[in-house]
Amino acid sequence: MKNNESNNIHRDLDGKVAIVTGAASGIGLAIAKLLEARGAFVVAEDINPTVNGVFKDNERIIPVVGDVATEQSAQEAVAIATERFGKLDILVNNAARIVYKNAIDMTLEEWNSIMDVTATGVFLHSREALKAMIPNKTGAIVNIGSYACYQTFPGISAYAAAKGALAQITRTLALEAIEHGIRVNAVGAGDVVTNLLNTFREDGRDFLAEHGKQAPIKRAAQPEEIAEVVAFLASDKASFLVGSIVMADGGMSVVIQ
Ligand SMILES: NC(=O)c1ccc[n+]([C@@H]2O[C@H](COP(=O)([O-])OP(=O)(O)OC[C@H]3O[C@@H](n4cnc5c(N)ncnc54)[C@H](O)[C@@H]3O)[C@@H](O)[C@H]2O)c1
């Protein structure tokens, strides 16, 4: 392959404008960095103010502190993209939280907080993003799902319900958006070594690394491996993918344990 061709492959998001939610850590951070490296301008949204420090030296990534579960944050993220960069091409709905409790011990507040961030946040950001994308007749939305889009285990009823909802939001919005040239897809991530579980267990990263060994691939992923799938789905190379949940889980969802 000639150098030029190889460079083009790695700049296949040149000039695109993206919003990535939950971008301060883990998979969202890896996605924001990779989209920028492939040529995109990025609005990096997170409820954690550390997002400001994470991207402070990068002029092509604008951090914004916001709670994805609010209409105001969704509107603000889209406004920043269109006002600072002139348009919006890509939305990555990545922010999520997890509560690990059997349903009998879960409060209504805990249930609602997971649904608000992990399902309603996807709806709100997709709705506002579509308003900006439809006039341009192009765009891509990528939602970060999980094997919990399909499978579950005790203790994660709210999270699994939210990821199941995310899968159905993905399919339904895909049907509504494709007539406008906008593709909506999701990535079904397996175990990835991040801080996701740290809110309820100190050894969250070690647990994910260990749990990943149950997958046929016998390991957990690094965030960058999920970001690669997102970058592909966000790019024009994924031109025929509509409403797909692409499983990136080391085979976890295809094996009977
Ligand atoms: N780590 C895994 O094993 C795994 C597996 C499957 C799916 N996922 C999914 O990957 C995505 C990213 O998770 P991660 O593993 O990188 O976890 P993480 O905890 O490292 O990152 C999640 C980010 O979302 C942010 N966030 C949480 N609530 C928010 C809100 N209301 N508004 C804005 N930002 C908010 C957090 O501050 C954090 O920066 C999630 O959708 C998660 O469900 C993760």
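Strand 6 and strand 7 pair in parallel through four bridges, and Gly188 stands opposite Met247 of strand 7. The model is predicted. The two strands belong to an open sheet of seven strands, paired in parallel and ordered 3-2-1-4-5-6-7. Strand 3 (61-65) and strand 7 (245-248) lie at the edges with a single partner strand each, so one side of each has no neighbour in the sheet. On average, neighbouring strands of this sheet are turned by 20° against each other, direction ignored.

**Strand 6 and its pairing with strand 5**

- Strand 5 (residues 139-146) and strand 6 (residues 182-189) run parallel and are joined by eight bridges.
- Within this pairing, Ile141 stands opposite Val184 of strand 6, and Ser146 stands opposite Ala189 of strand 6.
- Strand 6 is mostly covered, with eight of its eight residues buried.
- In a regular strand, side chains alternate between the two faces of the sheet.
- In strand 6, Ile182, Val184, Ala186 and Gly188 point one way, while Arg183, Asn185, Val187 and Ala189 point the other way; all are buried.
- Strand 5, helix 6 (residues 157-177) and strand 6 together make a β-α-β unit that is right-handed.

**Ser157 in helix 6**

- Helix 6 contains Ser157.
- Ser157 has 18 other C-beta atoms within 10 Å, and a residue counts as buried at 20 or more and as exposed at 12 or fewer, so Ser157 is partly exposed.
- Ser157 and Ile114 are 43 residues apart along the chain, and their C-alpha atoms are separated by 9.9 Å.

- Strand 2 is largely enclosed by the rest of the structure, because six of its six residues are buried.
- Phe41, Val43 and Glu45 point one way from strand 2, and Val42, Ala44 and Asp46 point the other way; all are buried.
- Strand 1 and strand 2 run parallel and are joined by five bridges, and the bridge partner of Val20 in strand 2 is Ala44.
- Between these two strands the chain passes through helix 2, and this β-α-β crossover from strand 1 to strand 2 is right-handed.
- Strand 2 also pairs with strand 3 in the parallel sense, over five bridges.
- In that pairing, Val42 has Ile61 of strand 3 as its bridge partner.

**Helices packed on the sheet**

- The sheet has strand order 3-2-1-4-5-6-7, and neighbouring strands in it are turned by 20° against each other on average, direction ignored.
- Helix 4 (residues 71-85) packs on this sheet and touches strand 1 (17-21), strand 2 (41-46) and strand 3. The direction of helix 4 makes about 160° with that of strand 2.
- Helix 5 (residues 108-133) also packs on the sheet, touching strand 1, strand 4 (90-93), strand 5 and strand 6. The direction of helix 5 makes about 180° with that of strand 4.

**Residues around the ligand**

- There are 27 residues around the ligand, and Gly22, Gly26, Ala96, Ser146 and Thr194 come nearest among them.
- Helix 2 (26-37) and strand 5 are the elements that give two or more residues to the shell around the ligand.
- With three residues, helix 2 gives the most to this shell.
- By residue class, the shell around the ligand holds 13 nonpolar, ten polar and four charged residues.
- Ser146, one of the residues that come nearest to the ligand, is also the residue that stands opposite Ala189 in strand 6.

Notes: Residues numbered from 1 in each chain as written. Predicted model: local features only at pLDDT ≥ 70, side-chain atom pairs only at ≥ 80, totals over all residues. Pairing = 2+ DSSP bridges. Axes fitted to C-alpha atoms, helices over the stretch in contact; angles between N-to-C directions. Contact = placed C-beta atoms within 7 Å. Near = placed C-beta within 6 Å. Nonpolar A, V, L, I, M, F, W, Y, C, P; charged D, E, K, R; others polar. Right-handed = clockwise from strand over helix to strand, strands pointing away.
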